[in-house]
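Subject: the model I promised you

Hi,

Here is the structure we talked about, sequence and coordinates together.

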2 protein chains.
Amino acid sequence: MNSQIPRNSNEHTTERSVFFISDGTAITAETLGHAVLSQFPLAFTSYTLPFVTTEARAQEIKQKIDTIYQETQKRPLVFYSIISPSVKKIITESSGFCQDIVQTLVAPIQQEVGLEPEPKLNRTHGLSLQNINQYDARIAAIEYTLAHDDGISLRNLDQAQVILIGVSRCGKTPTSLYLAMQFGIQAANYPFTADDMDNLKLPAALRPYTHKLFGLTISPERLAAIREERRENSRYASLRQCRIEIAEVEALFRQNKINYLNTTNYSVEEISAKVIDTMGLQRRVF
Amino acid sequence: MNSQIPRNSNEHTTERSVFFISDGTAITAETLGHAVLSQFPLAFTSYTLPFVTTEARAQEIKQKIDTIYQETQKRPLVFYSIISPSVKKIITESSGFCQDIVQTLVAPIQQEVGLEPEPKLNRTHGLSLQNINQYDARIAAIEYTLAHDDGISLRNLDQAQVILIGVSRCGKTPTSLYLAMQFGIQAANYPFTADDMDNLKLPAALRPYTHKLFGLTISPERLAAIREERRENSRYASLRQCRIEIAEVEALFRQNKINYLNTTNYSVEEISAKVIDTMGLQRRVF
């Protein structure tokens with residue numbers, strides 16, 4: 001374990017310091033904490049501290065929190081999720097403003113369901129005997145998706161749950177990988193290239209699977225900017241070429257009644273969730 | 001948008017129904033909700049409903065919740081995050097037991113920082129002008145990682161932030177992709193094959209980057225089971241071969257003082273977080 005307390009890289013100004021502390025990966029604490037903080041017009045410097053399972057480590061972190069408080073006279077905000085009572089106690093005795101992200105929701109549920117919670121080491125993203133088969137399915141989905149990235153293989157498309165189609169650099173590969181990684185979905189993808197544009201049709205290999213197709217499109221301006229990064233001053237990156245390709249592909253989507261989404265203003269998470277929602281796919285949780 | 005209310009695939013028995021509802025991707029509601037529910041000895045059937053931004057959609061969901069309550073006489077548990085007051089009101093007026101996952105934590109923070117929250121459409125994973133460069137860095141990391149998967153390219157290793165090494169099927173590829181996708185880390189990976197085992201040494205191409213190397217290992221039994229799925233009854237999948245490879249590779253890690261982790265009981269999230277923690281890498285949040 002890294003014995004330092006590394007600062008995250010995204011934030012600069014420091015009106016407030018924020019700590020995300022967990023006995024697990026801290027991914028949930030970090031994500032939820034960011035969702036909460038995004039509601040305030042506040043600059044912050046953040047520290048994410050996973051795998052905090054020992055009193056010694058908790059003491060180091062408490063000291064850091066206390067030092068920042070003494071120096072700034074502002075209590076650091078602390079989002080934490082720790083099961084061990086002795087480790088938790090050290091954090092909550094710091095001078096930070098501490099909120100337990102999971103237990104805050106557990107207590108009301110306890111009332112409602114009339115059951116005692118059985119706190120377990122925080123393994124939101126953990127692996128257990130119960131979920132190992134499911135976990136293997138996730139790895140299989142990643143593998144399938146890699147093997148069917150960018151039209152590499154058009155075999156076994158019957159096993160795809162969704163096939164993303166679109167021009168080069170519109171977001172197919174990151175979205176396919178996210179669908180596999182986060183949701184265990186076998187996602188193939190197929191690119192249309194400049195050469196396809198003269199007489200754009202659905203390739204024969206895809207035609208039996210029209211019901212699995214989902215189109216991605218993007219604004220020509222954003223596409224040109226992305227392609228310019230890759231091949232400067234090329235025809236490939238020219239706005240004119242991007243406009244032609246996007247117009248052709250969108251026409252193809254409409255003619256074939258293929259659901260499609262303009263990805264320009266969406267993140268990989270959002271595109272993926274919209275694909276799942278539109279296609280009626282099932283989400284797994286890992 | 002899919003007008004049905006699809007049930008998630010993992011859960012079967014139904015002591016309680018659970019809804020994860022969001023005006024965004026619902027990924028945070030789902031993850032946090034699962035963390036909360038995992039503390040109770042309770043079987044549940046879950047429904048994840050993203051992009052709930054209209055009153056009409058909220059009404060459909062309210063009806064589903066009410067119907068389940070009438071049929072089971074047990075209030076469905078509802079974890080939600082919705083900004084629009086009119087949409088939110090419809091959900092909270094359902095017969096579900098409703099908890100707002102973000103606002104529960106926002107209210108105390110409001111007190112502490114003395115600022116009014118400025119609720120925004122829930123875009124935890126959203127894309128904005130402010131973060132578009134950062135987002136491009138994420139896509140670049142995914143691209144780098146794909147280009148340096150499985151030792152495909154040993155060029156530009158100076159640009160890798162970490163290089164995962166280990167035998168075939170110990171988790172290098174999923175971990176590399178997760179590091180890139182979730183944290184924007186440029187992660188290369190390099191496999192040792194059966195042919196390397198006679199006189200296992202660090203390949204010359206990796207030697208300048210010893211400080212970036214992180215080893216993955218795994219129990220021979222689990223490795224054999226994974227490989228058996230891939231190539232039945234092969235030497236590659238035999239327990240004997242797996243034992244030899246693991247012993248050799250672990251010896252190499254120790255001789256070269258390379259940090260390493262046994263992945264047998266860890267998920268991709270956990271392995272990734274441990275790599276970051278051990279190597280002192282910075283986490284980005286997207």
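Chain A of this predicted model has 9 helices and 8 strands. With a radius of gyration of 24 Å against the 19 Å that the globule rule gives for 286 residues, chain A is well over that value and so more spread out than a compact globule. Along the principal axes, its C-alpha atoms fill a box of roughly 70 × 45 × 35 Å. Even so, buried residues make up 58% of the 286 residues in the chain. Take the contacts in chain A with a separation of 6 or more: 72% of them come from residues 24 or more positions apart. The chain exposes about 12200 Å², and carbon and sulfur atoms supply 47% of that.

Next, a strand in chain A. How many of the 5 residues of S3(A) are buried? It is 5 of the 5 in residues 77–81, so the strand is largely enclosed by the rest of the structure. A:Leu77, A:Phe79 and A:Ser81 point one way, A:Val78 and A:Tyr80 the other way, and all are buried. S3(A) has parallel partners: strand S1 (residues 16–22) is joined to S3(A) by 5 bridges, and strand S4 (residues 97–100) by 4 bridges. If you want to find these pairings on screen, A:Ser22 has A:Ser81 as its bridge partner in S3(A), and A:Leu77 stands opposite A:Phe97 in S4(A).

A:Gln73 sits in the loop between helix H2 (55–72) and S3 of chain A. Its phi is positive, about 60°, although A:Gln73 is not a glycine. Most residues other than glycine have a negative phi. At 56% relative accessibility, A:Gln73 counts as exposed, because the cut-off for that is over 50%.

Now the annotated stretch. The unreviewed UniProt entry lists a "binding site" comprising A:Gly166, A:Val167, A:Ser168, A:Arg169, A:Cys170, A:Gly171, A:Lys172 and A:Thr173. I looked at two of these in detail. A:Ser168 is in the loop between strand S5 (162–167) and helix H6 (172–183) of chain A, and A:Arg169 is in the loop between S5 and H6 as well. Are they buried or exposed? A:Ser168 has 19% relative accessibility and counts as buried, since buried means under 20%. A:Arg169, at 22%, counts as partly exposed.

Leaving aside neighbours within four places in sequence, A:Ser168 is in contact with A:Phe192, A:Leu223, A:Arg227, A:Arg230 and A:Tyr236.

Beyond residues up to four places away in sequence, A:Gly215 touches A:Ile165, A:Phe253, A:Ile258, A:Asn259, A:Tyr260 and A:Leu261. Its C-alpha atom is separated from that of A:Ile5, 210 residues apart along the chain, by 44 Å.

Finally, two residues with contacts across the chains. A:Glu30 belongs to helix H1 (residues 27–37) of chain A and is buried, with a relative accessible area of 2%. Setting aside neighbours within four places in sequence, A:Glu30 is in contact with A:Asn8, A:Phe20 and A:Thr48 in its own chain, and with B:Phe183, B:Arg283 and B:Val285 in chain B.

Over in chain B, B:Thr48 lies in strand S2 (residues 44–49) and is buried, with a relative accessible area of 3%. Apart from residues up to four places away in sequence, B:Thr48 touches A:Arg283 from chain A, plus B:Pro6, B:Asn8, B:Phe20, B:Ala26 and B:Glu30. What joins the side chains of B:Thr48 and B:Glu30? It is a polar contact of 2.6 Å. B:Pro6 is 42 residues from B:Thr48 along the chain, and their C-alpha atoms are separated by 7.7 Å.

Cheers

Methods
Residues are numbered from 1 along each chain as its sequence is written. Chains are lettered from A and ligands numbered from 1 in the order in which they are written. This is a predicted model: local features need pLDDT of at least 70, side-chain atom pairs count only at pLDDT 80 or more; totals for chains, interfaces and linings use all residues. Side-chain values use heavy atoms; hydrogens and water are left out. Helices (H or I, at least four residues) and strands (E, at least two) are DSSP runs, numbered from the N terminus. Buried means under 20% relative accessible area, exposed over 50%, partly exposed in between (1.4 Å probe, protein chains only). Contact means heavy atoms within 4.5 Å. A polar contact is a pair of N or O atoms within 3.5 Å; within protein, one must be able to donate a hydrogen and the other to accept it, and residues adjacent in sequence count only if both atoms are side-chain atoms. UniProt positions are given in the numbering used here, feature names are shortened, and annotations may be inferred rather than shown by experiment. The radius of gyration is taken over C-alpha atoms; the globule rule is 2.2 Å times the number of residues to the power 0.38. Accessible areas come from the Shrake-Rupley method with a 1.4 Å probe; for residues, only the protein chains shown count as cover. Two strands pair if DSSP finds at least two bridges between them.
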